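Morning, everyone. Let me put the model up, and then I'll walk through it piece by piece.

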Amino acid sequence: MSDTLVVKIGGSTLGGGDTALEDVVALQRRGLRPVVVHGGGALISEWLKLHNVPTRFERGLRVTDERTLEVVVAVLAGLVNKRLVAALSVGGGRAVGLSGADGGLLKARRVDEPLGFVGEITEVDTRPLLDLLEDGFVPVLAPIAAEWRGEAPSGQLLNINADTAAGAVAAALAARWLVFLTDVPGIRDESGETMRVLTAARAGELREAGVIEGGMIPKVEACLRAADAGCRSVIADGRRAGALLEAIEEKTGTVVG
Ligand SMILES: Nc1ncnc2c1ncn2[C@@H]1O[C@H](COP(=O)(O)OP(=O)(O)O)[C@@H](O)[C@H]1O
Ligand SMILES: [Mg+2]
């Protein structure tokens with residue numbers, strides 16, 4: 001069985017009492033092969049405000065015009081990505097930051113016209129990740145992709161939802177685990193209780209009922225997709241110390257699939 005682990009880190013959980021990056025380094029020391037995928041929504045919003053670029057969401061996706069894309073790429077593939085690489089190195093981790101546009105990792109097409117430069121992944125080429133893992137590096141992936149039209153790259157960058165990217169990468173790698181570290185203890189049901197396990201059928205019901213909504217939707221979809229590819233998919237509270245280590249042992253969070 002694969003010893004690969006994909007962990008998606010949301011911007012909201014870093015920098016408090018969390019130990020996500022320490023946990024990543026600890027897992028690498030144990031001989032596992034972690035891949036980090038990160039978001040950065042809050043910092044992007046901050047920078048958009050700084051540059052007086054108005055922003056809005058449709059179906060949970062950030063409508064991305066040309067100026068928005070500039071900020072998204074600069075913040076995600078620049079500031080957030082390099083900060084994570086630097087922070088991982090403090091604990092002794094050897095990390096390499098890259099975006100999905102690097103090494104042909106993520107190919108995408110535009111979702112639709114009104115969303116602008118928002119992409120959906122059409123293909124994952126795992127070679128850049130496998131090469132880095134083979135060499136003992138932790139790949140740190142910013143969810144930016146290169147647009148492909150038919151058989152050719154257009155040269156355009158596209159903004160990809162980080163949760164979706166994590167799910168697609170985990171499935172393509174046939175990773176053993178996909179863990180989402182977020183700012184809630186797991187997925188709540190209609191009574192407000194955090195569930196230990198969520199099946200695909202139940203996920204459909206809870207979504208229909210509006211109990212699973214907003215930022216949780218792409219996570220659940222990504223988990224189900226990765227679970228289909230054989231991953232153990234877990235959504236856990238990244239604000240808690242040791243959350244990642246407990247999540248892969250399924251001692252915390254919600255297992256989806
Ligand atoms: N059923 C649910 N259970 C738990 N959280 C939910 C649920 N439905 C929606 N959410 C929301 O999803 C949020 C996590 O997604 P998001 O804000 O996008 O965080 P991240 O930065 O980790 O992607 C939670 O803070 C919560 O408000
Ligand atoms: Mg989110």
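First, a word on naming: helices (H or I, at least four residues) and strands (E, at least two) are DSSP runs, numbered from the N terminus. With that, K8 is found in strand β1. Two housekeeping points. This is a predicted model, where local features need pLDDT of at least 70, side-chain atom pairs count only at pLDDT 80 or more, and totals for chains, interfaces and linings use all residues. Residues are numbered from 1 along each chain as its sequence is written, chains are lettered from A and ligands numbered from 1 in the order in which they are written, and side-chain values use heavy atoms, with hydrogens and water left out.

Back to K8. Is K8 buried or exposed? K8 counts as buried, at 7% relative accessibility. Here buried means under 20% relative accessible area, exposed over 50%, and partly exposed in between, with a 1.4 Å probe and protein chains only. The side chain of K8 makes a polar contact of 2.9 Å with the side chain of D163. A polar contact is a pair of N or O atoms within 3.5 Å; within protein, one must be able to donate a hydrogen and the other to accept it, and residues adjacent in sequence count only if both atoms are side-chain atoms. Leaving out residues up to four places away in sequence, K8 touches V37, G39, A162, D163, A166, V179, F180, L181 and K219. Contact means heavy atoms within 4.5 Å.

Keep K219 in mind. We come to the ligand now.

Which residues come nearest to ligand 1? Of the 15 residues around it, they are T182, D183, V211, E213 and K219. Near, for a residue, means that one of its heavy atoms lies within 4 Å of the molecule or strand. From T182, a polar side-chain atom lies 2.7 Å from an oxygen atom of ligand 1. From V211, a polar backbone atom is 2.8 Å from a nitrogen atom of the ligand. From K219, a polar side-chain atom lies 2.5 Å from an oxygen atom of ligand 1. Taken alone, the ligand exposes 570 Å², and the protein buries 77% of that. Those areas come from the Shrake-Rupley method with a 1.4 Å probe; for residues, only the protein chains shown count as cover.

S233 is buried, with a relative accessible area of 0%. A236 also counts as buried, at 0% relative accessibility. The side chain of S233 reaches the backbone oxygen of C223 at 3.1 Å. Beyond four places in sequence, the residues S233 touches are L178, C223, A226, A227, T254, V255 and V256. A236 has its own set, again beyond four places: F180, L181, T182, V184, P185, A247, T252 and G253. What separates A236 from D183? They are 53 residues apart in sequence and 8.0 Å apart in space, C-alpha to C-alpha.

Now helix α1, residues 20-29. Its buried residues are A20, L21, D23, V24, V25 and L27. An α-helix has 3.6 residues a turn, so residues three or four places apart point the same way. The buried residues of α1 pack against β1, β2, α3, β8, β11 and α8. After the helix comes G31, whose phi is positive, near 100°.

That brings me to backbone angles. Most residues other than glycine have a negative phi, and most peptide bonds are trans. Two residues here are worth a look. A174 has a positive phi near 50°, and is found in the loop between α5 and β11. A174 is partly exposed, with a relative accessible area of 41%. E250 is not a glycine either, and has a positive phi of about 60°. Its place is in the loop between α8 and β14. E250 is partly exposed, at 26% relative accessible area.

Last, the outside. G150 is found in the loop between β9 and β10. G150 is exposed, with a relative accessible area of 64%. G150 and V71 are 79 residues apart in sequence and 27 Å apart in space, C-alpha to C-alpha. In helix α6, residues 200-208, we have E205. E205 counts as partly exposed, at 48% relative accessibility. A polar contact of 3.1 Å joins the side chains of E205 and R202.
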